[in-house]
Amino acid sequence: MRTGAGAAAVGTVLAVDGLVHLYWATGRTWPASDTARLSQLVLNLQVPFTPQVLVPLAGVLLSGAALVVAHGGRLPALARRLPPVLPRLATGVVAGGLLARGAVGLVWATGAGADPGDTFYWLNLLLYTPLCLVLGRTAWRLSAAPAPAPAPAAQ
């Protein structure tokens, strides 16, 4: 996968995830019926789905998305305004977070700490873990690649 395409893929998923967290911060709980069920579906445990938790998390996800995409050369205006090491470092941090979540997901996939009869188990097995591992690998490879040279600023 080309650097720009990989960055766009990782950035898009992170941005969508960030927007979903902002949606939940409004008090809505789709696709679940309430916050307790939503917490169980997403995290396999009960945590507060409050704006105080969700808004900062959305900010981290959206910032990570922007920095990964900037490192991949898809946001040259942003890349020019940042220290060159920042997008690359952020891409590495994103990779580490995604790979860590993927590793935990592999443990849950064995049935350790996750009930195979629960919806979370299947979401983790079929969606969350594979997505985290693929995106984590992509972000890791991006973090090791030199950033494309940013286009010169328009005069």
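**A guided reading of the model**

At 28% relative accessibility, Arg 37 counts as partly exposed, a class lying between buried (under 20% relative accessible area) and exposed (over 50%), with a 1.4 Å probe and protein chains only. This is a predicted model, in which local features need pLDDT of at least 70 and side-chain atom pairs count only at pLDDT 80 or more, while totals for chains, interfaces and linings use all residues. Residues are numbered from 1 along each chain as its sequence is written, and side-chain values use heavy atoms, with hydrogens and water left out.

The side chain of Arg 37 meets that of Asp 118 in a salt bridge, at 3.5 Å from N to O; the term covers a side-chain nitrogen of Lys or Arg within 4 Å of a carboxyl oxygen of Asp or Glu. The structure holds one salt bridge. Because Arg 37 lies in helix α2 (residues 35-43) and Asp 118 in the loop between α5 (85-109) and α6 (119-144), the pair ties together parts that are 81 residues apart in sequence. Helices here are DSSP runs (H or I, at least four residues), numbered from the N terminus. Asp 118 itself is buried, with a relative accessible area of 17%.

Asp 118 is also one of the residues in contact (heavy atoms within 4.5 Å) with Asn 44, as are Trp 108 and Phe 120, among others, when neighbours within four places in sequence are left aside. Asn 44 sits in the loop between α2 and α3 (51-71) and is buried, at 14% relative accessible area. Its backbone has a positive phi of about 65° although Asn 44 is not a glycine.

Turning to the nonpolar packing, the largest nonpolar core has 13 residues, and Val 10, Leu 14, Val 68, Val 94, Leu 98 and Ala 139 have the most contacts inside it; such a core is a set of buried Ala, Val, Leu, Ile, Met, Phe, Trp, Tyr and Cys residues joined through side-chain atoms within 4.5 Å. The elements giving two or more residues to this core are α1 (3-25), α3, α5 and α6, and the largest share, four residues, comes from α6. Apart from this core lies another, of seven residues, among them Trp 24, Ala 32, Leu 38 and Phe 49.
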